[in-house]
Amino acid sequence: MTDTFSNKKNSQTPGKSTLSIWGGEQEHELYERSTQVPVVHSVSFAYKDIDTWHKVALEEEPGHIYSRNTNPTVRAFEDKVKELEGAEAATSFASGMAAISNIFGTFLRPGDRVVSIKDSYGGTNKIFTEFLPPLNVDVMLCDTIDYDEIETEVAKGCTLLYLETPTNPTVKIIDIKRLAAAAKKVNALVVVDNTFASPINQNPLALGADIVLHSASKYLGGHADALGGVACGNKDLVKMLYHYREINGATLAPMDAYSFIRGMKTLSLRVERQNQSAMTIAKYLQAHPMVEEVNYPGLETHPHHDVAKSQMKGFGGMLSFSVKGGLDAIKTFLPKMKYAHMAANLGCVETVVGPPVTTSHVECTAEERAAAGIPEGLVRYSTGIEDIEDLLADLEQALAYLK
Ligand SMILES: *Cc1c(COP(=O)(O)O)cnc(C)c1O
């Protein structure tokens, strides 16, 4: 329909940095020769004649009708993510959770069966345990790294296989290619939450997924100042998803779409730095006497380092670690950190730290966290883009309070 960057590209496929900057920035949406995508704060779009209006409404001509459906700023954001995920189409949502719940609303019906993992994002887990069962959707949550169990459950028949990798907060790795292949045999739709990896590090569609989604509130935006979600896939699936969202109304706001477009210009720079720093920090923590365990897929000691290496281009900025003394020790040393927010978000330019009890699994009870294998004494560490020397020194001085 529109003249996207991918249509224009010549024989050479643009790299991720180029796509982060130029992807989705269609010329026809630039206003009065501005070089930046404008924030179109308009609920509706007016026409001079009924025939053109009608054609646009029928999607026979490009254009916009009403911003709950489409909006130029929002469209540019969707197209940018689409390019980075190598997808045919993308649509966006008011939050990451809106993307996830709209995917379920679009593709699940009473009597359907979902197979997923025990440690998906806390909010997603709530949908599995609280909201889907009353709709007569059967949910089977498997041990996250028991690939055999997931395969067996998928083979029993399911409508949808829902995966997330790396997981939150223990950064477990799931073999997307292997499990997507298993799902294809029973015609199940494969959905992957790619929030933790970002499209710079991982492209699930290329590994066999049908739909890839992001909480744009994290790495895509990168500045923790806008909430949103996005899902990509083939044209038919995205059309169904878009239709469900346009009617149900979990629409991304133009200002937030603009914040994402702005943030994404530096996505690959940020993620490359975060990949590097997280690796250095993981190694530092591994050698620290007060640290019990470090979870990071880039470490050779990670149980699925090989899978991570084969499906990711970088290991990401997220890691977690446990310290001697559990939750009490965390309460002692975390507040001493100077260059880290103690907060619930992740994936932004600032380093952010917190235990699962106040971050990823705040929605869960202590029993649910235990069942998901999430220790209470864990620290989730979202690496920022500060100087690595300062991040290491900050951890050193804060951990010294534990001795
Ligand atoms: C934050 C997050 C979500 C939810 O996104 P919101 O934008 O906060 O609704 C979903 N999945 C993962 C992995 C997340 O980190």
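Begin by selecting helices α4 and α11, whose crossing is left-handed (the near helix is turned anticlockwise from the far one by less than a right angle). The model is a predicted one, in which local features need pLDDT of at least 70 and side-chain atom pairs count only at pLDDT 80 or more, whereas totals for chains, interfaces and linings use all residues. Residues are numbered from 1 along each chain as its sequence is written, and side-chain values rest on heavy atoms, without hydrogens or water.

Helix α4 spans residues 72–85 and α11 residues 254–264, and the two pack at an angle of about 40 degrees with their axes 8 Å apart; helices here are DSSP runs of H or I with at least four residues, and strands are E runs of at least two, numbered from the N terminus. The axes are lines fitted to C-alpha atoms, for helices over the stretch in contact, with angles from 0 to 180 degrees between N-to-C directions. Show side chains for T73, V74, A76, F77, K80, V81 and L84 of α4, which meet P254, A257, Y258, F260, I261 and M264 of α11 (contact means heavy atoms within 4.5 Å). The residues of this contact divide into 11 nonpolar, one polar and one charged, where Ala, Val, Leu, Ile, Met, Phe, Trp, Tyr, Cys and Pro count as nonpolar, Asp, Glu, Lys and Arg as charged, and the others, Gly among them, as polar.

Next, select helix α8, residues 176–185, and colour its buried residues, I176, L179, A180, A182 and A183; buried means under 20% relative accessible area, exposed over 50%, and partly exposed in between, with a 1.4 Å probe and protein chains only. Looking down the axis of α8, you will find these buried residues within an arc of 155 degrees, so they line one face of the helix (the arc is that of the directions from the helix axis to the C-beta atoms). They pack against α7 (147–155), β4 (160–164), β5 (189–193) and α13 (305–311), while the face turned away from them carries the exposed residues K177 and K185. After α8 comes N187, with a positive phi near 60 degrees.

Step back into the loop between β4 and α8, where P166 lies and where P169 is also found. The peptide bond from T165 to P166 is cis, with omega near -5 degrees, and another cis bond, with omega about 0 degrees, joins N168 and P169. Most peptide bonds are trans, and most residues other than glycine have a negative phi.

R33 counts as exposed because its relative accessibility is 83%, whereas S198, at 1%, counts as buried.

Finish with two serines in strands. S215 lies in β6 (residues 211–215), is buried at 11% relative accessibility, and touches G96, T195 and G228 when residues up to four places away in sequence are not counted. S322 sits in β9 (residues 318–323) and is buried at 8%; leaving aside its neighbours within four places in sequence, S322 is in contact with M290, V291, E292, E293, G377 and L378. From S322, draw a C-alpha to C-alpha distance to P375, which is 53 residues apart in sequence and 8.2 Å apart in space.
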